[in-house]
Amino acid sequence: MNTKRFALIGAGLFGERHAQAYHRSPYVDFAAVCDMRPGRAEEIAATYGAEHATRDHRDVLADATIDAVSIATPDHLHRDLAVAAAEAGKHILVEKPLATTVEDARAIDDAARANGVKLMVDFHNRVNPMMYSAKQAIARGDIGSPAYVYSRLSNTLGVATGMLSWAGHSSALWFLASHTIDVVRWMLDDEVTRVYAVSRDKILRERGIPTADFHAATVEFAGGAVAVFESAWILPDTHSTVKDLKLEILGDKGALNIDGSHNRSLELYTAERSSFPDLYAPPTGEHLTGFVLDAIAHFVDAVVFDKPVLATGQDGIEVTRILCAIEDSVRSGQPVDLKPRTRV
């Protein structure tokens with residue numbers, strides 16, 4: 001069987017999903033796990049069958065037998081690792097967002113191109129069954145020409161105050177809207193020309209986390225559609241799921257609605273509370289299930305069988321460019337115009 005050697009740099013909550021996918025894939029020899037926290041790399045390596053554990057990413061990049069790496073470090077720490085991986089000749093899967101500045105995103109893409117390695121951004125909602133079905137419906141003309149989009153993806157307070165130790169270096173805009181902006185661009189097959197956004201930063205700052213509570217952005221597309229994107233880190237912790245994901249697209253001949261969190265595929269009622277378990281994220285365990293792991297399997301296919309990646313470095317650059325424009329609009333209080341990129 002044709003196999004390649006893969007490694008993981010950054011074994012946090014989401015990095016573990018990469019380890020899980022590599023462990024389950026018959027096309028992967030899981031070579032190494034790297035994480036700076038004492039004992040974490042060893043724990044993940046033992047759980048998912050990686051050959052080697054280290055706290056130094058240079059050990060991974062110096063290993064000439066390793067073909068590809070996942071970089072699942074915090075948002076703002078992607079550039080140096082990804083550029084070094086490209087220069088070491090490794091194919092690269094980078095967690096979204098590709099980077100938190102346009103300069104960094106372009107540097108990663110340029111390094112991958114210069115060194116002839118594949119670069120994929122893990123925009124895994126492109127293989128979310130709901131999102132994929134919606135894209136197909138739009139492409140078939142089921143709702144006619146899209147005119148208005150409403151998108152909401154928010155998390156409970158616990159994500160920023162407990163789950164992410166580096167929340168102060170990011171925001172719900174980068175952590176969440178990177179997903180929704182990418183998937184709407186992809187669904188509409190269109191580019192953003194203008195953004196206007198507002199934000200506030202009181203609630204989390206009072207809890208010692210220097211980041212925005214929420215962003216609300218109005219976005220115009222070249223084809224005429226207008227979208228509103230909401231992203232927040234201040235849902236109450238009593239919310240029935242850790243995230244709230246909604247998407248509505250209105251066209252001139254119809255509409256579609258997606259509920260990606262309270263999907264009601266399963267409703268659970270106990271004496272204490274009601275809940276709607278999220279069936280579209282992978283369960284805890286070793287099985288290769290759920291679209292999150294399927295996206296990582298797409299990267300494996302790209303490396304092993306030379307197939308196209310799910311989302312390119314150029315996709316990553318464009319999402320970063322839009323998110324930076326949203327931040328610019330928040331600071332200035334004015335709309336920000338974007339020249340649509342030339343599609344290749």
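A residue counts as buried under 20% relative accessible area, as exposed over 50%, and as partly exposed in between, using a 1.4 Å probe and protein chains only. The model is predicted, so local features need pLDDT of at least 70 and side-chain atom pairs count only at pLDDT 80 or more, while totals for chains, interfaces and linings use all residues. Residues are numbered from 1 along each chain as its sequence is written, and side-chain values use heavy atoms, with hydrogens and water left out.

Helices (H or I, at least four residues) and strands (E, at least two) are DSSP runs, numbered from the N terminus. Phe-214 sits in strand S9, which covers residues 214-221. Contact here means heavy atoms within 4.5 Å. Leaving aside residues up to four places away in sequence, Phe-214 touches Val-198, Ser-199, Arg-200, Ser-231, Ala-232 and Ile-234. Take Arg-200: Phe-214 and Arg-200 are 14 residues apart along the chain, and their C-alpha atoms are separated by 6.2 Å.

Asp-109 gives another example, this time in helix H5. With a relative accessible area of 5%, Asp-109 is buried. Its contacts, not counting residues up to four places away in sequence, are Leu-119, Gly-313, Gln-314 and Ile-317. Between the C-alpha atoms of Asp-109 and Arg-37, which are 72 residues apart along the chain, the separation is 28 Å.

Next come the helices themselves, starting with H6. Helix H6 (residues 129-140) has twelve residues and reaches 16 Å from its first C-alpha to its last, close to the 16 Å expected at 1.5 Å a residue. That expected span is 1.5 Å times one less than the number of residues in the helix. Which residues of H6 are buried? They are Met-130, Met-131, Ala-134, Ala-137 and Ile-138. These residues cover an arc of only 120° around the axis, so they lie on the same side of H6. The arc is that of the directions from the helix axis to the C-beta atoms. On the other side of H6, Ala-139 and Arg-140 are exposed. The cover over the buried residues of H6 includes strand S7 (146-156), H8, strand S11 (243-251) and strand S12 (255-259). Just after H6, Gly-141 takes a positive phi of about 85°.

Two packed helices are described by the angle between their axes and the distance between the axes. Axes are lines fitted to C-alpha atoms, for helices over the stretch in contact, and angles run from 0 to 180 degrees between N-to-C directions. Angles under 35 degrees count as roughly parallel, over 145 as roughly antiparallel, 65 to 115 as roughly perpendicular and the rest as oblique. H6 and H8 pack at about 30°, and their axes are 8 Å apart. That makes H6 roughly parallel to H8. At this contact, Met-131, Tyr-132, Ala-134, Lys-135 and Ile-138 in H6 meet Val-183, Trp-186, Met-187 and Leu-188 in H8. By class, eight of the residues in the contact of H6 with H8 are nonpolar, none polar and one charged. For these classes, Ala, Val, Leu, Ile, Met, Phe, Trp, Tyr, Cys and Pro count as nonpolar, Asp, Glu, Lys and Arg as charged, and the others, Gly among them, as polar.

Helix H4 (residues 79-87) and H5 also pack together, at an angle of about 10° with their axes 8 Å apart. H4 and H5 are therefore roughly parallel to each other. Here Arg-79, Ala-82, Val-83 and Ala-86 in H4 meet Glu-103, Asp-104, Ala-107, Ile-108, Ala-111 and Ala-112 in H5. The contact of H4 with H5 has seven nonpolar, no polar and three charged residues.

Now for H9. Eleven of the 15 residues of H9 are buried, so this helix is largely enclosed by the rest of the structure. Among the buried ones are Phe-291, Ile-296, Phe-299 and Val-304. H9 is followed by Asp-306, whose phi is positive, near 55°. Asp-306 lies in the loop between helix H9 (291-305) and helix H10 (313-332), and is exposed at 60% relative accessible area.

Asp-189 has a positive phi of about 55° although it is not a glycine. Its place is the loop between helix H8 (172-188) and strand S8 (192-200). At 52% relative accessibility, Asp-189 counts as exposed. Finally, a cis peptide bond joins Lys-96 and Pro-97, with omega about -10°. Pro-97 is in the loop between strand S5 (91-95) and helix H5 (102-114).
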